[in-house]
Amino acid sequence: MSTLTLFNTLTRKKEPFEPIRQGHVGLYTCGPTVYWYAHIGNLRAYLFADILKRVLMANGLDVDHVMNITDVGHLVSDGDEGEDKLEVGAKREGKTAWEVAAFYTEAFLRDTERLGILAPSKLVKATDHIAEQIEMIQTLEKNGYTYRIDDGVYFDTAKLPSYGELSGQPLEEKEEGARVAINTQKRHATDFALWKFSPKGSTRQMEWESPWGVGFPGWHIECSAMSTKYLGHTFDIHTGGVDHIPVHHENEIAQTKGAYGVPQARVWMHSEFLTVDGGRMGKSLGNLYTLDDLAKKGFDPTSYRLLAHGTHYRHKLNFTFESLLAADATLRRLRETLRDWDAPGVAGCAGYEEEFMAALNDDLNTPQALSVLWKLVDDGTMPTRARARTLLKFDEVLGLHLSQTLGKPLEISQAVQQLVQARDASRAQKDWKESDRLREEIASHGFDVVDTPTGTKVQKGD
Ligand code: AMP
Ligand code: ZN
C-alpha cells in the first residue's frame, strides 16, 4: 500500500501524512459566506475538500470533518472596512440578514449534495458561537495581543514574531504589500479586527453585547474559536482556497497561537482558483456561473465534478463550456459502457487498485487516478465482473455515481423496440428517408440508435 503524502502550505513541501491520533483525522474546512449562491469556483474548493476527505477514508482513517458557515462579520473589503456581506445581501433582497443567511445556507447545501460532496460531520455557524468567540478574544486580551480603537478591538500582529509564517512573508513585507490602511488608528496594516462595534447611532440586524460594547465578531475569529471547540488544540488538517493564505488563515493561526500558544493545525492545504475563459470570474463580467446555471443548460452536476477531477487541485482550472461538454459526453459514454458489464464479482483487479491509490496518495493526483480508471475500463483482458468490483471502489473516492448504470441494461419500452425493428426493416430495404424519420421518432422517446458492425444499438439520448 502506498503512503499518503500531502502538500503542506506551511512547510511548502509534500509530507507523509501521519495523523495525531492513530486512525483518526480532525479536518476543518473554511465554509461559505452565505450572502449569495456559491459559484462554480467556490464549489471547486469544496470538491477539493471532498476528495481529500474521501482519500483519507480510503486509507482507512476515520475523519471528523468540521465546516463553518460564515453568516456574520465578513466585510466587503476582506479587510475590516465596508459593509457586512450579509447586510448587503439583505438590502439587495429586501429580507433580513437572518433570512438571507438561512436561504443561501440551504442553497449551498443543495449544491454540494448535487455535486456528491459528503456532508461534514459538523456544520457550524458563526452566529451560533458568539460566546466562544468573545471568550477567545478575552483570552487574547489577557495575553496582551489586543488593542482597542474607535471602531473595534484589534489583534496586534507585531506582538507575534511568527506572524506571516503561512505565506512565508515577514511582517514588514506584508505591511508593504497591504493596501494603505484606511483606518489610521490601526497600529500596523496587517492588524485585524477581532470585535467590531456597531456603528454609532445605528442598530445592526446582527449584533451582540460584549465586554467591549455592542457589536459583532471579525471574520477570522469564528474559525479559530469553532475549530478549537470541535477539533481541539492542534488538529490534523485545515483546508481552504489559495486566497485564504495571506490573510484569513494567517490570522486564524495568529489567534490560536496568541490565545493558546499552540499551532492551530499541522497541515494546511489550499486549492487553486477556477478561471473562466482564461480570466477572472465576475458577476460584472457576465461569466460567473452557479451550479443552477449549468443545470439550466442541461448539464448533469456530476459532469462538473468529473471536469474538476481532471485538474490537480494545486493547479488553476480554466473552465470553458467546451471542456464541460467534453466531460459530460465522457461521463455519458462511460455510464452507457457499464450497462453491458457483469455485476461486480468477489475479486477485483488488485494491480489497478494499487495504482489508483498510489496516484491519489501522491497529494491527491486526481488526473492520474482518472487515467488509471480509463485504463481499467478499456482492459479487455480482465473480466467485467472483476473490473466492475474495482471500478465501484474507485467510485467511492471519485463520486461519479457509476453504480447507477453498472450491470443495468437499458430498459426500453415495447413501443421503442417496435420502432427500432421498423427502422431496421426500412434500412434493409434501403428506405433511408423512412429510417431517418424513425430515428427522429425514437429520439423523441429519449433514445439514440447507433449502427454498429454487430447490429443496431439503442442508448439513452440527451
Ligand atoms: P467565500 O464564500 O467568498 O468565503 O468563498 C468560499 C470559497 O471559495 C473559499 O474557499 C474561496 O477560497 C473559494 N473561492 C473563491 N473564488 C474562487 C474561484 N474563482 N475559484 C476557486 N475557489 C474560489
Ligand atoms: Zn476560516
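I find about 120 Å³ of space in the largest cavity. By cavity I mean a set of points on a 1 Å grid over the protein atoms alone where a 1.4 Å probe fits but cannot get out; the volume is the space filled by probe spheres set on the points, which are joined across faces, edges and corners. Searching the whole structure gives two cavities of 30 Å³ or more.

This is a predicted model, in which local features need pLDDT of at least 70, side-chain atom pairs count only at pLDDT 80 or more, and totals for chains, interfaces and linings use all residues. Residues are numbered from 1 along each chain as written, chains are lettered from A and ligands numbered from 1 in the order written, and side-chain values use heavy atoms, without hydrogens and water.

Entry two, lining. I looked up the residues with an atom within 4 Å of a point; for the largest cavity they include Arg44, Phe48, His309 and Tyr313. Helix 1 gives the most, with four residues.

I see the zinc ion (ligand 2) coordinated by Cys30 (SG), Cys223 (SG), His248 (NE2) and Glu252 (OE) at 2.1 to 2.3 Å; donors are N, O and S atoms within 2.8 Å of the metal (3.2 Å for Na, K and Ca). Cysteine 30 lies in the loop between strand 3 (24-29) and helix 1 (40-58) and glutamate 252 in helix 7 (245-260), so the pair ties together parts 222 residues apart in sequence. Helices (H or I, at least four residues) and strands (E, at least two) are DSSP runs, numbered from the N terminus.

How values were computed. 1 Å grid on protein atoms, 1.4 Å probe; cavity = no way out; pocket = protein on both sides within 12 Å on 5 of 7 lines; lining within 4 Å.
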